[in-house]
Amino acid sequence: MLLELSVLALVCSVLALGFAVLRSRWIMKQDPGSEKVQEIGNAIQEGAMAFLRCEYKVLAVFVLVVAVLLGVSNQGALRLVAVSFITGAVCSGLAGYIGMRVATASNTRTAEGARKGLNPGLQIAFSGGVVMGLTVVGLGLLGLSSLFIIYTRVLGSEIVNLRESVLPVLNGFALGASSIALFARVGGGIFTKAADVGADLVGKVEAGIPEDDPRNPATIADNVGDNVGDVAGMGADLFESYVGCLLGAMVLGASMNDINKVLLPLLLAAVGIILSIGGTFLVRTKEGGDPQKALNMGTFGTAAAMLLLTAPICKFLLPDEWLNLFMATAGGLLAGVAIGMITEYYTSDARAPVKGIAKACQTGAATTMISGLGVGMASTALPVMFIVAGIICANKFAGLYGIAIGALGMLVTTGIQLAVDAYGPIADNAGGIAEMSGMDPDVRERTDKLDAVGNTTAAIGKGFAIGSAALTALALFAAFRATVGLDTISITDPLVMVGLFMGAMLPYLFSSMAMAAVGRAAFAMIEEVRRQFKDIPGLLEGTGKADYARCVDISTRAAIREMVLPALLGVVTPVLVGFFGGPEMLGGLLAGVTVSGVMLALFMSNAGGAWDNAKKYIEGGHYGGKGSDAHHAAVIGDTVGDPFKDTAGPSLNILIKLMSVVALVIAPML
C-alpha cells in the first residue's frame, strides 16, 4: 500500500499542475486591453520578473553553499539530504516564478474584464490566484512524493528504514522550501513597502495626488511590490507550511512505528488537492453582488467537504483510531477557520475596531497610532485561544501525532486558500492599471470593489498563515524531540531557560532588522520621488513622464541587499545553539521563538491591516474623505503599518518554521 498511496499523491500533484496550466491558458486568451493598458501591465511584469531574477541569483549561491555543507557534514545515505534540499529550493522558487508570471499577466485582463462587469473581473483575478495556489500544492506534493518513492526504493520501505534514513533525508526538502520562503518573504516585503511608503508619503501627502496616479514615479514599483510580496512571498510562505506540516506528521508517524501514520498525511494532501480544484467552480457572482460571498463559498465549501471526507480516509488507513484522528483534524481545520474570521473582524473596514481607528484619525497621527497599536494587541487574544483549543483537542484525541494532523487540517486545502489570497494583489493591480490608463470611473468602481475584498482576504490569509505556522512549528518541534530522543524538556534546566530567553528575543531582533531595512529603502525612494517631481518638467502638471524604472531599480537593489542578514539569522542561530548548547538548549530556543513569534506576528499583521483599512474607510467618504486632516493622519498610520503587515509580521511565520526545520535536519548530528 505504501507504493500505491505514494503514487496516488504523485498523480494528484500532477493533476493540480495540469489544472493550473489550463487556467493559465484561459487567462491568456482574455482581452489584455488597449495599447496603453498593455504598456503599463508590461512595465509591472518586467519589474516583477527582474526582481525575481536578481533574487534568485543570490539564492542560487546560498543554495549551493548550504547543499555542499549538508553533503559534507553527513555520512552515507544521509548525504542525500543535500539532494532533497536543492529539490525543495527549486520547487519553491519555481512555484513563485510561475505564480508571479501568471499574476502579472492577469492584472491587465482583470481590468479589462471589469469593463464588462463585476463577475468577469472576479473570474480572471481569481483564476490568476488559482494558478498560484495549485502550483504551490502541486509542486510541493510532487517533489515530496517523488523523492519519497525514490528514497524508499533506494533505502528500503520498512518502517525502520523510513524512521532512520528515508525521512531524515527527506527533511532537507522542507529546509530548502523554508530557506527560499524566508528570503522571498523578507526580500519581497522590503521591496513592496519601500515603494508603497515612497508613493504614499510623497504622492498622497506632499503632492496631494491620488493613489496610482501616473504622475507618481513610484506607482509602478508599488504595483510590482504587490506581486513580489503578496504573490511570490505568500506563495513561498504557504509552500513552506504545507511541506513542513506534511513532513512533521510523517516523521512522527515513523517514530510511532506505524507506516499507515506515515501515509495518512500524503493521502489527506492528495484529497485536499482534488477538493481545492472542485472548490474553484463555486466562486461566482453577479453584477451588484458581493465578491466576498463568492470567495467564501469556495473556501468554506472546500473546507466543509474536506471535513466530511477526512473520517472515511482515516477509517480506511487506521480503522482502530479513525475517530480520534478525525477529531484532531477537525479541531485544526475549525481553529484555522476561526482565526481567519477573527482576523477579518479586527481588520475589516465594516467592523468596529477599524471604524474606531478611523474615528481616532480626526485628532491626528498620535491618536491614530495609539488606537491601531491597541487594536493590534487586543487581536492576539482570541486567535491564541483558538490555537490553544486546537492543540488541546488534537493532543487529547491523538497525542503529538494528533497535533501534526491538526496542523495538516488547517493546510490540507491550501490550494484554494492561497488562490483566494493571491487574488488580492491581482485585483489591486487591476485598479491601479484602470487609474493609470484613464478607464471609465465605473471600471475603477468595480476594481475597487474587488480590491476591497482582496484587502480582507489578504488579512485573513495572513492570520491563517500565522495560525498554521504555530501548529506546524509545534509539529516540527515534536518531530525534533522524537528524532533526538528527548522525552521531556524541563524549564528548570538553566540551559533550557537560556534557550527560551534567546528564542523569545529573536523575533524582536529579526523584526527590527526588517523594519530598519524598510526605513532605509523607503528613504531612498522618497528622495527619488521628490527629485523627479522637482527635476522633470511638467511631471505634476501631467505633461512630463515619470522615470518608473529608476524607482523599481531602487526597490530591487534595497531588497536584495537588505534581505540577507535577517534571513541568515534564522538559519545560523539554531545550528550554533544546537552544536554548542546541545539538544536541550535548542529545544528551549524553539519553544521561545514559537510562542514569542506567534504573538508578535499576530500583533503586527493585524495592526497593519487595521491601519490600512481605516485609511480606506476614510477614503470612502467618512470623516472628511480624501485630502482631509483625518485622511492625512490615516495615511501616516497606514505607512507605519505597511512594514508591520507586509514585511516583519508575515516573515515571522517563516522564521519560526525555518528554525524548527533546521533543528530537525541537524537532529541526527546532535
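Predicted model: local features only at pLDDT ≥ 70, side-chain atom pairs only at ≥ 80, totals over all residues.
Trainee: Which helix holds Phe-579, and which residues form the nonpolar surface patch with it?

Mentor: The helix is H17, residues 564-619. The patch has about 560 Å² of accessible area together. Besides Phe-579, its members are Leu-568, Val-572, Leu-576, Phe-580 and Leu-670.

Trainee: Is Ser-660 buried or exposed?

Mentor: Ser-660 sits in helix H18, residues 629-666. Its relative accessible area is 1%. The cut-off for buried is under 20%, so Ser-660 is buried.

Trainee: Which backbone oxygen lies 3.1 Å from a polar atom of the Ser-660 side chain, and which residues does Ser-660 contact beyond four places in sequence?

Mentor: The backbone oxygen belongs to Ile-656. Leave aside neighbours within four places in sequence. The contacts are then Ala-473, Leu-476 and Leu-590.

Trainee: How many helices and strands does the protein chain have, and what is its radius of gyration?

Mentor: There are 18 helices and zero strands. The globule rule gives 26 Å for 670 residues, and the chain's value is close to that, so the chain is as compact as a globular protein of that length. The radius of gyration is 24 Å.

Trainee: What share of contacts between residues at least 6 apart joins residues at least 24 apart?

Mentor: Of the 670 residues, 64% count as buried. The C-alpha trace spans about 75 × 50 × 45 Å along its principal axes. The share of those contacts is 84%.

Methods. Residues numbered from 1 in each chain as written. Heavy atoms only, no water. Patch = residues over 30% accessible without salt bridge, like charges linked within 9 Å, V, L, I, M, F, W, Y side chains within 5 Å. Areas by Shrake-Rupley, 256 points an atom, 1.4 Å probe, with all protein chains shown as cover. Salt bridge = Lys/Arg side-chain N within 4 Å of Asp/Glu carboxyl O. Helix = DSSP H or I, 4+ residues; strand = E, 2+ residues; numbered from the N terminus. Buried < 20%, exposed > 50% of the residue type's maximum accessible area, 1.4 Å probe, protein only. Polar contact = N/O pair within 3.5 Å; in protein donor to acceptor, adjacent residues only side chain to side chain. Contact = heavy atoms within 4.5 Å. Rg over C-alpha atoms; globule rule 2.2 N^0.38 Å.
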